Amino acid sequence: MRTFFPSIAILLLASSVARCDGTIPVSEVLESLGPTNPELVRVLKEGFDLEPDATATVIGRAVNEQLGGARIGPYTVHGRLRGTPAGAELTLTLDTEIKFLDRQQHPTQNVSNASSVKEKLTHIDIRVRGSGE
Amino acid sequence: MPGAITFTSKTNAFNDQSPIIPTASRVQTGKVLLRLDLDITVARDNQPVPQVTIAFSATGASSTVTQLAPTDAQGKAVLRLETREFGTNVTITSTNPDFAQSRFDRTFTEAWYESTFLVTAYNCCAEDDFSGPLVEGGAVGRHKQDFLFGGRGVIMQGTGRASDGRFIRITNPRAIRWNPNFAGVANPEAAVFAFANGVQGAFGAVRENHSVAVDPTVVPARNHISVTGLGDRWADDTGGAIRDYHVDNFVGAGQAALRQWHNISAATVKYLGP
């Protein structure tokens, strides 16, 4: 693996409990995060067979009407290494650096005042999909 | 001798004779646009009348009816009705006195959205899924810190279900500041929580496997739809990020509810009215 994907550390650990608040098509996640980290997204596309839906954090409408319902990272995706047999299921967590931006495109610490959100894929955590998930 | 026109609803792409809601159309004054194409046959003295275009009118202030091309050699043509009259009778008649006796009546009680919908699911957070230490939450008492203040907790989602089954909401989200890079709340002491009766959507209370968030310019607020693979749903919620042909299905509280979601990612949707 390291020969092909030197930028990934694969952690073969029992999967921890994840709290997932909304689904989003994996294709949409990869499309939006692709430009922020093309190398990692290429690894995901070429190295894994991923299930079609990811889960993600949802921004509540009561917190920000304009962004209400939007999905932001971390994204949780299930799949397996391409070419491996059924049963070798993995949970991939796509961690992102998140910046909320106000109308002037300045970073804001107040989510309610944000008019957009920018995300950058920073790293991927890979674990064996466990029964405790 | 007066002529006669026979009207027959065309079978649509969904294999029935319901109207469709065109993809480019949007809700106006709380009503969707219905489009129904009809085959007409124009005859006089039992003989087809070719190469004629007949003027029609339809009841309902929003209704238009257009013959798409002159009749062919068999006296046949296609008539297009567009209306926002749902649940009330629409009558098409010819304004040409020769054909005034012919009419088409229909009350529309369902229609297919022409476009396929993206289907996603969402829940509200449940305290049982969290593991942090207990902290003081003011009027709502002590709860897990990450349930109240975490990035996937009440403070980001707006509402969550506590371990005792009661719902808690943040009353002043505008007062909350986050640390850079979204690393926790910078001023947790400013947060004011209160108990809630449940999860409140934009248009009404949100209930699991009943409510969906939609774009209200596509599905009118509180209206009834049927989503293939899901069943009947009501448009109780929306959000600025739920745009166009997207149904976000509310599955209830906690991760367990979302885990049961069965990866429907696209579906046809039937509109069933207010």
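B:Asp244 is placed in the loop between β21 (231-237) and β22 (246-253) of chain B, where helices (H or I, at least four residues) and strands (E, at least two) are DSSP runs numbered from the N terminus. Its phi is near 60°, a positive value in a residue other than glycine. B:Asp244 is partly exposed, with 13 other C-beta atoms within 10 Å; a residue is buried if 20 or more other C-beta atoms, placed from the backbone, lie within 10 Å of its own, exposed if 12 or fewer, and partly exposed in between. The model is predicted: local features need pLDDT of at least 70 and side-chain atom pairs count only at pLDDT 80 or more, whereas totals for chains, interfaces and linings use all residues. Residues are numbered from 1 along each chain as its sequence is written, and chains are lettered from A and ligands numbered from 1 in the order in which they are written.

A positive phi, near 55°, is also found at B:Gln51, a residue other than glycine. B:Gln51 lies in the loop between β4 (47-48) and β5 of chain B and counts as exposed because it has 12 C-beta neighbours inside 10 Å. In chain A, a cis peptide bond with omega of about 0° joins A:Gly73 and A:Pro74; A:Pro74 belongs to strand β4 (residues 71-81) of that chain.

In chain B, three strands form an open antiparallel sheet in the order β5-β8-β9, strands being paired if DSSP finds at least two bridges between them. β5 (56-58) and β9 (103-107) are the edge strands, each pairing on one side only. Three bridges join β5(B) to the antiparallel strand β8 (residues 89-94) of chain B, and B:Ser57 stands opposite B:Thr93 in β8(B).

Between the chains, 34 residues of chain B are in contact with 31 residues of chain A, contact being defined by C-beta atoms, placed from the backbone, that lie within 7 Å. The elements giving two or more residues to this side of chain B are β11 (117-126), α2 (154-157) and α3 (255-259). The largest share, five residues, comes from β11(B).

The largest nonpolar core has 97 residues; such a core is a set of buried Ala, Val, Leu, Ile, Met, Phe, Trp, Tyr and Cys residues joined through C-beta atoms within 7 Å. Among the residues with the most contacts inside this core are A:Val29, A:Leu94 and B:Ala111. The largest share of the core, seven residues, comes from β11(B). Leaving aside neighbours within four places in sequence, B:Ala111 is in contact with residues including B:Ile21, B:Val32 and B:Tyr271.

Methods: Two residues are in contact if their C-beta atoms, placed from the backbone, lie within 7 Å.
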